[in-house]
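Could you walk me through reading a ligand site and the sheet beside it in a model?

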Amino acid sequence: MSLFPRLASPDVRLALEVDEGPRLTPHPGNPRSLDYATLARAASAHVAQLHELGVERGARVAIWARSDLPTLVALVGNALAGVVSVPLSPKLGARELMHVLTDAEPAVVLTSDVEGQSTPALPLRALETIDASEPPPIRELDDDPVLLLYTSGTTGAPKGVELSARGIAANLDALADAWGWTEADDVVHALPLFHVHGLVLGLFGALRAGGALRHVARFEPAAIGAQLAASPRAMLFAVPTMIHRLIDAAEADRSVASALGRARLVVSGSAGLPTREHRRFESITGRGIVERYGLTETLIVCGVRADEGARPGYVGRPLRGVEVRLVDDAGAVIDAHDDATIGEVLVRGPSVLAGYLHRPDANEEAFDAEGFFRTGDLATRASDGALRIVGRKSTDLIKCGGFKIGAGEIEAVLLEQSGVREGAVAGLPDDDLGERIVAFVVADPNVPRDGDALIAAVARELAVHKRPREIRFVDDLPRNAMGKVQKAKLRA
Ligand code: MLC
Ligand code: AMP
């Protein structure tokens with residue numbers, strides 16, 4: 001099996017285009033777009049570089065996931081060669097970076113921007129130097145892992161999730177079935193390249209279908225509008241925060257509204273899109289949005305089909321090949337299709353992870369006796385099988401701007417800062433971000449209070465998107481009889 005069949009006999013169809021926006025450092029000579037033939041040569045040259053570095057199939061390679069063409073080429077080349085990419089957020093803080101590198105033990109760390117990188121990394125080949133005549137490095141892959149992605153849990157450091165070529169292919173093919181996704185489609189997105197949404201669906205999905213990815217490096221409604229307008233047949237992938245900002249922009253600028261209206265499909269995912277936003281989007285663009293639901297550990301589980309049209313409030317039925325169960329608190333299977341009985345979503349299928357890297361303890365908890373993965377999400381099921389996600393089992397997982405963040409990892413950093421006696425973190429409802437990270441801190445009366453310094457510490461140690469947006473100094477934290485902080489009271 002090959003992940004990207006079109007690269008086996010590549011032609012001049014557009015494959016990748018990156019709108020890097022105003023560049024701080026000019027890259028003279030570097031192209032902004034690649035057709036399939038050029039992408040195949042560039043990917044070959046990348047694989048040749050891996051061989052020079054002694055990196056072979058099955059090895060792990062960490063790569064700073066910058067939104068530029070050399071990085072996209074390297075991610076594709078790694079996947080073709082059966083080398084496991086460990087994408088690193090360009091805004092990863094010191095502690096989280098150390099954790100990922102220690103856990104993943106990559107053979108090398110690569111970057112497209114050696115000068116801009118504060119930690120040591122080897123340079124990727126600049127695209128203008130590529131003149132490879134070798135055939136594309138297509139390997140027959142099957143259960144080979146090709147990605148190692150890190151995802152947050154309720155406590156502790158993020159866990160590594162290995163995704164196989166076969167699992168990714170199965171999931172993308174099921175999405176192609178649901179959305180009528182073909183080589184005629186260009187994907188437009190401004191998502192980061194270190195998570196499932198932007199990397200697996202956005203980059204690998206576009207290339208597996210044989211169409212193009214038009215990637216906007218920095219989310220900006222006008223730039224999204226321009227890429228949609230430039231494409232004859234486009235699918236827009238976005239998180240709800242981006243949809244919210246696109247609606248605001250469309251209300252102010254008719255050209256953004258009409259570009260959104262002309263897209264073949266607009267898909268929202270990674271967090272729930274409020275019904276209010278569905279309605280606003282439809283009233284300003286004259287068309288609807290389909291939602292799909294997934295996790296890093298399972299890839300996409302459910303999706304509203306393109307031929308169904310928008311279905312506000314629902315994430316659709318399970319994709320082809322994905323088994324979904326709802327279970328009650330005691331683990332008993334719920335058969336009801338009444339759109340009212342709430343259960344935890346359990347998932348089994350070819351795209352579900354085999355297990356977290358180096359975490360037998362977490363694997364024990366994550367799977368039930370029949371091999372179903374426990375998502376921690378709560379849902380109801382309608383008569384036709386469509387799920388409605390109504391909440392999460394844990395208040396310690398926060399979805400902010402579509403990023404999943406564990407309250408525990410932030411609390412651990414806060415508690416190490418001087419002047420912090422106690423700290424608890426919760427996600428509070430936010431019209432733009434979905435949930436806003438708020439830290440409740442009991443301060444040491446002898447140390448001056450400095451909320452900005454606490455925010456900066458989290459951004460520095462973990463990642464910028466994990467920083468609290470607000471610090472609230474409180475006299476004490478609400479605790480139950482066991483001494484556990486009552487997060488529900490903080491969120492009220
Ligand atoms: C702010 N900044 C700081 C800072 N505070 N820098 C350093 N220190 C600080 N204390 C900088 C940031 O680096 C950034 O700079 C800028 O300020 C704004 O940062 P932000 O406020 O965090 O960005 P924001 O506008 O809130 O971003 C919104 C967003 C983003 C929607 C663009 O949340 C996003 O990209 N979300 C996508 C998440 C996603 O892909 N999830 C998929 C998970 S997979 P600069 O220079 O960068 O602007 C999954 C499975 C599935 O869930 O189902 O899909
Ligand atoms: P991540 O670990 O970043 O992959 O995030 C996975 C989580 O995102 C899921 O467990 C859900 O809580 C949430 N999620 C993804 N898509 C949706 C959606 N369409 N609606 C509601 N929640 C979603």
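The dialogue below takes the ligand and then the sheet.

A: First, the ground rules. This is a predicted model, where local features need pLDDT of at least 70, side-chain atom pairs count only at pLDDT 80 or more, and totals for chains, interfaces and linings use all residues. Residues are numbered from 1 along each chain as its sequence is written, chains are lettered from A and ligands numbered from 1 in the order in which they are written, and side-chain values use heavy atoms, leaving out hydrogens and water.

Q: What polar contacts does ligand 1 have?

A: Look for a pair of N or O atoms within 3.5 Å. A polar side-chain atom of S270 is 2.6 Å from a ligand 1 oxygen, and a side-chain N or O atom of K399 is 2.8 Å from an oxygen atom of ligand 1.

Q: What is the strand order in the open sheet?

A: Two strands pair if DSSP finds at least two bridges between them. The sheet has 9 strands in the order 2-1-10-9-11-12-13-14-15, with mixed pairing. Its edge strands are strand 2 (33-35) and strand 15 (317-318), each pairing on one side only. Strands 9 and 10 pair in the parallel sense over 4 bridges.

Terms used
A polar contact is a pair of N or O atoms within 3.5 Å; within protein, one must be able to donate a hydrogen and the other to accept it, and residues adjacent in sequence count only if both atoms are side-chain atoms. Helices (H or I, at least four residues) and strands (E, at least two) are DSSP runs, numbered from the N terminus.
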